[in-house]
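Here are my notes for a colleague who is meeting this structure for the first time. Please read them beside the sequence and the model.

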Amino acid sequence: MTRSRPLGLLTMAVAVPLVALAAAGCGSSSPTSTATAKAAGGGSATVSVANTGLGKILVDSQGRTLYLFQKDTGSKSTCSGGCAAAWPPLRSSGKPTAGGGAKASLLGTTPRSDGKPQVTYNGHPLYGFQGDSKAGDTTGQGNPGFGAPWYVLSPTGNAITSAASSSGGGNGY
């Protein structure tokens, strides 16, 4: 009996951190996997233009919609923690690349609170949205989450604040 108690405590001492580690991995890897995959997948992020129900908008290399956050000040991101989980920042380990329709002169990066770069366009930090399930989705358009609206960007780098037309693009909310 004396042997089983220390062994039981040892098992618990090992099991508890493993369960916590697994739970933490499940809770945080999913929301940020979009952002880290872009940076790790090929180093440099690509920003292109796609035609949607909102008109011509900026998209990432997978055709997923990119957004700006009205709460950001200049090129400094104010979205972190839960905000960055829902709205993953577009990251790039190298100089971002302009794809079809995007202007290279408007692309740049800004350091985030972790010191790693986030892609900017016309001075706006760029984000994806976890609510967009496929390329062309614009379900984050006008969303007021985390204290200010989120908008897609035109190829000139300005916010498009209108709602999607009924012919396509879908708002999704």
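1. pLDDT is the predictor's confidence in each residue, on a scale from 0 to 100, and a contact means heavy atoms within 4.5 Å. This is a predicted model, in which local features need pLDDT of at least 70 and side-chain atom pairs count only at pLDDT 80 or more, while totals for chains, interfaces and linings use all residues. Residues are numbered from 1 along each chain as its sequence is written, and side-chain values use heavy atoms, with hydrogens and water left out.

2. The mean pLDDT of the protein chain is 79, but pLDDT stays under 50 over residues 4-41 and again over residues 166-173. Where pLDDT is low, the predicted coordinates should not be read in detail.

3. The protein chain has two helices and nine strands, these being DSSP runs (H or I, at least four residues, for helices; E, at least two, for strands), numbered from the N terminus.

4. Six aromatic pairs are found in the whole structure, where rings of Phe, Tyr and Trp (its six-membered ring) pair if their centres lie within 6.5 Å, and planes under 30 degrees apart count as stacked, over 60 as edge-to-face and the rest as tilted. One of them, Y67 with F129, is edge-to-face, at 6.2 Å centre to centre and 80 degrees between the planes. Y67 lies in strand β3 and F129 in the loop between β7 and β8, so the pair ties together parts that are 62 residues apart in sequence.

5. Y67 is buried (under 20% relative accessible area, with exposed over 50% and partly exposed in between; 1.4 Å probe, protein chains only), at 0% relative accessibility, and F129 is buried at 18%.
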